[in-house]
Amino acid sequence: MTTDRSGALDLPLVLEDLERAVNLGEQLGLRDELTQARDVLAQASHRRRLAPETTVAALLGATGSGKSSLTNALTGSEVSRTARTRPTTTQPLAVVPDTAVEAAELLDWLAIGHRARVDGGWALGETTVLVDLPDIDSDEPAHRAIAQRMAGKVDVLVWVLDPEKYADGVVHRDFLIPMAAHAEVMVVALNQVDRLDLESRDAVLRDLRRILDHEGLGSVSVVPVSARTGEGVENLAHAVASVASNRLASARSLVAHARRAAGDMGERTGLIAPPAPAAGEPVPAAQQTPQVGQPLHALRQAAASLAGVDVVSQAVEGSDRHRAHTRVGWFWLRWVAHLRRDPLRALHLGTRRPPAPGAGDGERLDGGTVPGAIDLSSLPPAGPAATGRLRSSAHVYAVAACSGLPGDLAAQAVLRSDERAESLAEPLDLAVAAVDYGGWKRPAWWRVANVLQWVTALTALIGGLWLVAIHVLEDYLLIISIDVPRWGGVPWPTILLLGGLLLGLVLAGLGTFLARLQARHHSRRIIDRLRRATDEVVNVKIVEPLTAETSGWTELAQVLHRLAAHSDSRE
């Protein structure tokens, strides 16, 4: 994102990014990490609505830095109480020019009740309000809390330092360094320089500049000033007016707050977003596409094994051969096949037909519906080896998929994925049960083979009954003597009996062979369907949630990087 030097053009984009970061964080289960960002969004909403033409500049500093005296010097009147007994400022005091007609509601929102009015012709600007805040290192916790709260809400920050405490750790460690993002809306005033000779003053100013440069505040103006003598007061007023110029300090401040909130969220989540790599440089880990092809293939294989795909495919082949035997097998031994149980039906599979129009719906893996109610199968429970292989492969896949995330986030995402993998058995079984095995279908050639078996059986039966009738009439009843027609030297009844039996056996053998080939082909097609079904379970239960989570973290890292690196990307 780009902006002019004011930073104002970026504010809508910055707030949009920050809101996107909050939304992503909510989706990813963040809570406390979003507090600061939510506060900034709420603050931006109020600040952009309240007195957008008014700029609030605040004087902040440690005890004895001379904020109140400097306030009086900048306003040209005794508006703030000064004394040797410190602290003298216990509540924020707002100095409001007569020309800042919209300031009242803004000051109410800032909870500044103490106000003083001055002529609107002062050097800070016609719409600039100056606020004198309590000491940031006060022994009174309430005073320090007020200063901290106000530092996060005002538009321009004027840090008042003195020669004795200009390098004080409280000021730098607790305020200046954390608020480095606000460098564009900061001015540093080194007060009480009248106490220093020229050489000492130059030495202190050089050291202060060195410290600020080290803290990332190299762009901040440092103004030597003496509230007692008036030296540098006009320069300080012009410096503050310059920062507040064009009424864009508020936008700059809000951008800085958004950057701080993004940095805080990045630190608390571990999403340290590196700068975009230059051409030829390696892509940072957080932006790399994890290599998950092999782990995903292993996971899908393990899921298929746990679901019993091999067992079911064997049952499908056995079921086809079993059913084929009842239709194309030798007519005289078909009854044996009826005594055996269909292998597929024994698993409670293959009995479901495609649903009729308007049929009821059952549950789908992803929470939707599929036609027809699906019951669990009767497949034997997976053994420890298959269960362990699935857990292991799911863990390896999760680790590979999360390789681009920071350590803690990756560990948490892997743990959640492992928990989802623990509950895969039932959805896998439901997926196997929902497959259309086509067991209700009968190939057309079975009908032809069945008719031929009936013909051969009837032929053999006719020949057999014919022989029996001849034997009874001639040998037992002695009624008549029958001249049996012959083909060559063989009686036709014998030809019909033996021919029917032998032809039936040949047809049964041929039919069984063809049925076995067809069963193998059908089994391979069912394996493909089963693998698609188990792969869908893996996708819905493991891959898609993990992909959504890692993509969410990656997008959040990119958004936070844009926000945190905002000042570095300005043109």
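**Reading the model**

Student: Where is Leu 458 found?

Tutor: Leu 458 sits in helix H17. Helices (H or I, at least four residues) and strands (E, at least two) are DSSP runs, numbered from the N terminus. This is a predicted model: local features need pLDDT of at least 70, side-chain atom pairs count only at pLDDT 80 or more, and totals for chains, interfaces and linings use all residues. Residues are numbered from 1 along each chain as its sequence is written, and side-chain values use heavy atoms, without hydrogens or water.

Student: Why does Leu 458 count as partly exposed?

Tutor: Buried means under 20% relative accessible area, exposed over 50%, and partly exposed in between (1.4 Å probe, protein chains only). Leu 458 has 44% relative accessibility, so it counts as partly exposed. Its C-alpha atom is 9.7 Å from that of Leu 501, 43 residues away along the chain.

Student: Which residues form the nonpolar patch on the surface?

Tutor: Patches are built from residues with over 30% relative accessible area and no salt bridge; like charges are joined within 9 Å, nonpolar side chains (Val, Leu, Ile, Met, Phe, Trp, Tyr) within 5 Å. Areas come from the Shrake-Rupley method with a 1.4 Å probe; for residues, only the protein chains shown count as cover. Here the patch includes Trp 332, Leu 458, Trp 466 and Trp 492, and its members together have about 1300 Å² of accessible area.

Student: Which helix supplies the largest share?

Tutor: H17 does, with six residues. H12 (334–339) and H17 (444–476) each give at least two. Trp 332 lies in the loop between H11 (309–328) and H12. Its relative accessible area is 33%, so Trp 332 is partly exposed.

Student: How many salt bridges are there?

Tutor: The rule is a side-chain nitrogen of Lys or Arg within 4 Å of a carboxyl oxygen of Asp or Glu. The count comes to 16. One of them joins Arg 20 and Glu 555, at 2.9 Å from N to O. Arg 20 is in H1 (residues 11–27) and Glu 555 in H18, so the pair ties together parts 535 residues apart in sequence. Arg 20 is partly exposed at 30%, and Glu 555 is partly exposed at 28%.

Student: What does Arg 117 form a salt bridge with?

Tutor: Asp 98, with the closest N and O atoms 3.6 Å apart. Arg 117 is in strand S3 (residues 114–118) and Asp 98 in the loop between strand S2 (93–97) and helix H4 (103–109), so this pair links parts 19 residues apart in sequence. Arg 117 is exposed, at 54%; Asp 98 is partly exposed, at 39%.

Student: At what angle do H10 and H18 pack?

Tutor: Two packed helices are described by the angle between their axes and the distance between the axes. Axes are lines fitted to C-alpha atoms, for helices over the stretch in contact; angles run from 0 to 180 degrees between N-to-C directions. H10 (residues 293–306) and H18 (residues 492–564) pack at about 120°, with axes 9 Å apart. That makes H10 oblique to H18. Under 35 degrees is roughly parallel, over 145 roughly antiparallel, 65 to 115 roughly perpendicular, and the rest oblique.

Student: How do H15 and H18 cross?

Tutor: The axes of H15 (residues 407–422) and H18 come within 10 Å and cross at roughly 165°. They are therefore roughly antiparallel.
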